Amino acid sequence: MNTLDIAIEKRYSANVCIRASLSLPAGGFSVTALLGPSGCGKTTTLRALAGLEFPERGRIALGGRVWLDTERQICLPPQQRGIGFLFQDYALFPHLTVERNIGFGLSGVSATERRKRVAEILELLQLSGLENRYPRQLSGGEQQRVALARSVVTQPELLLLDEPLSALDTLTREQVRRELRHFLAKIGKPTILVTHDRVEALALADHIVVMSAGTVLQSAPVEEVFSHPASSEVARIVGVETVETGVVGAVSEGLATVEIGGQRLTAVATPDLVTGQRVYVCIRAEDVILQKGYEGFSSPRNRLQALVRSQTREGPLIRVALDCGFQLVAVITSPAVSELKLRDGDQVTALVKAPSIHLVARK
Amino acid sequence: MDWKALSLTAQVAACSTIILLVIGLPLAYWLATTRWRWKFLIEAVVALPLVLPPTVLGFYLLIATGPRSPLGRFFEATVGHALPFSFGGILVGSVLFNLPFAVRPFTAAFASVDRRMVEAAWCLRVSRWATFFRVTLPLAWAGVLTGIILTFAHAVGEFGVVLMIGGNIPDVTRTLSISIYDNVQALDYTTANHEALVLLGFAFSILSVVYALQRRVLPL
């Protein structure tokens, strides 16, 4: 199994320094998201991987190939790294048609071969028919796919995406977010993307690297980062949240049932949801209401019998870990904990309104 | 109308423009992309002719290439004649004096090319050299063309430097603007007027083209 090993250090001023150290899977298809607030060093890390930014110290190697080693004075230019880079605003060449944009990096191959490969990638990314348009004649979503096509047609070993959705308007972004992972899977390359949007990371990635102030705080699979943040800093960045994999049951009248850990939850359905689909079920900790002993009528659709596993104090709030067939996290105030006389091992009822359960589809 | 002077003027302007294209493009690209901290000194040197009286530049050029300077002696030994008061002399003067008119628009044009376009080409395994010709130059083309036109137009009208280093030798260094001066001195206002009208009409046409290019009225 190939891995991408990164250990870089870049200093911008006396107190701004980026120190990223990571090891990521880079065998077959996998998507890693570098997640963090603006200025945390995620884009610098991505650009250092591409060879567009030069760390003062460090080493980058993919499998056995060393791309950067400041001690041995090795620094491969972007041309020799075998990467595909998708720029934030795509950087399509405005003076070239879609076909010539995509074929731009194929100057070493014959014209017939070039035409064949461009046609293949156009087909794969559903762009056929747009060959002779110029970038300014394309919609935002189409521009993004053309840029993606251009970066993968040279058959890179590693695909790097810088904020792939941020240049799109809100409506298009939702649609492209749903499609992008599907396209990335079809391309089948190890992919690293940069985002500051947790929903984007959830929808696209298998693995999340949380960064803040120039350092890596946690690097783990998606569920683990959201459900078991390594520190309160990570929790603040990703939002304390339960993220578990569920399977969509019936979908009707805008509501969907989701099976998760032997429980059946009701959630508001998103338009593309189909029965049998695997989804991430996301419940924010502050949306979970705890009750003890009261069995009367209440409006939330979801009433879960849960066991209190542990309680952690976070400032004025208590974070309560619950087991209700799956791991659920609730955040309540300390007076509420005393009123409920909450102790570890207690049986409680957790209430969650249907609109508070967010389903993120994974293709 | 001094047709010889008109033809000489066109030759000086055309040669200066070609030389400045060859020197100016790399210099401008370097100025637009370098992060060297002292580059402002080079920018100041390039811009000098904009503020310097042409006579000052012409004077130092005359001294530097005259028979008393090592450079002048070297030139005379290799070429066979002195640089001042020859076509070569006014060409050197014209090139130096028009440097900012070529380099400044070229630099602005290169600086306006989105850096990410260049980086995108590099990431597509296209060499730096090929990226310059396939991305940078096509995207900066309008600005480069403006620079070429302005350089040519300005070289046509050059007076002070040419007079200092070239003097006023008919058929050799007497350009149109010098011929006008000459005719006025000789009180031949009719010829001076014809020649001045030619330069005025030319300058107006050229500037119209430049502004039309910038407004994208002309399809280029």
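Residues are numbered from 1 along each chain as its sequence is written, while chains are lettered from A and ligands numbered from 1 in the order in which they are written. Because the model is predicted, local features need pLDDT of at least 70 and side-chain atom pairs count only at pLDDT 80 or more, whereas totals for chains, interfaces and linings use all residues.

**View 1. Confidence along chain B and in the model.** Within chain B, confidence is lowest in helix α4 (residues 70–79), at a mean of 88, and highest in helix α6 (residues 115–123), at 95; helices (H or I, at least four residues) and strands (E, at least two) are DSSP runs, numbered from the N terminus. The model scores ipTM 0.79 and pTM 0.80.

**View 2. The crossing of helices α2 and α5 in chain B.** Helix α2 (residues 39–51) of chain B packs with helix α5 (residues 87–111) of chain B at an angle of about 110°, their axes lying 7 Å apart; the axes are lines fitted to C-alpha atoms, for helices over the stretch in contact, and angles run from 0 to 180 degrees between N-to-C directions. α2(B) and α5(B) are therefore roughly perpendicular to each other, in a scheme where angles under 35 degrees count as roughly parallel, over 145 as roughly antiparallel, 65 to 115 as roughly perpendicular and the rest as oblique. The crossing of α2(B) and α5(B) is left-handed, a term for a near helix turned anticlockwise from the far one by less than a right angle, with right-handed used if clockwise. On the side of α2(B), V46(B), A47(B), P49(B) and L50(B) meet L96(B), F97(B), L99(B), P100(B) and V103(B) of α5(B), where two residues are in contact if their C-beta atoms, placed from the backbone, lie within 7 Å. The residues of this contact divide into 9 nonpolar, no polar and no charged; Ala, Val, Leu, Ile, Met, Phe, Trp, Tyr, Cys and Pro count as nonpolar, Asp, Glu, Lys and Arg as charged, and the others, Gly among them, as polar.

**View 3. Helix α9 of chain B and its packing against α10.** The buried residues of helix α9 (residues 176–185) of chain B are L176(B), S177(B), I178(B), S179(B), I180(B) and N183(B); a residue is buried if 20 or more other C-beta atoms lie within 10 Å of its own, exposed if 12 or fewer, and partly exposed in between, with C-beta atoms placed from the backbone. These buried residues pack against α1 (3–33), α8 (160–166) and α10 (189–214) of chain B. α9(B) and α10(B) pack at an angle of about 155°, with their axes 8 Å apart, which makes α9(B) roughly antiparallel to α10(B). The contact joins L176(B), S177(B), S179(B), I180(B), N183(B) and V184(B) of α9(B) with T191(B), A192(B), E195(B), A196(B) and L199(B) of α10(B), and by class it has 6 nonpolar, 4 polar and 1 charged residues. L187(B), with a positive phi near 60°, follows α9(B).

**View 4. The loop residue G157 of chain B.** G157(B) is found in the loop between α7 (128–156) and α8 of chain B and is partly exposed, with 15 other C-beta atoms within 10 Å. Not counting residues up to four places away in sequence, G157(B) touches S177(B), L199(B) and A203(B).

**View 5. Helix α4 of chain B.** α4(B) is hardly covered, the count of buried residues among its 10 residues being 1. G80(B), whose phi is positive, near 110°, follows α4(B).

**View 6. Two loop residues of chain A with positive phi.** E163(A), a residue other than glycine, has a positive phi near 40°; E163(A) has its place in the loop between β8 (158–162) and α5 (170–187) of chain A and counts as partly exposed, with 19 C-beta neighbours inside 10 Å. A213(A) has a positive phi of about 45° although it is not a glycine; A213(A) is found in the loop between β10 (207–212) and β11 (215–221) of chain A and is partly exposed, with 16 other C-beta atoms within 10 Å.

**View 7. The contact of chain A with chain B.** The contact takes 16 residues from chain A and 14 residues from chain B. By class, the side of chain A that touches chain B has 10 nonpolar, 5 polar and 1 charged residues.

Terms used: pLDDT = per-residue confidence, 0-100.
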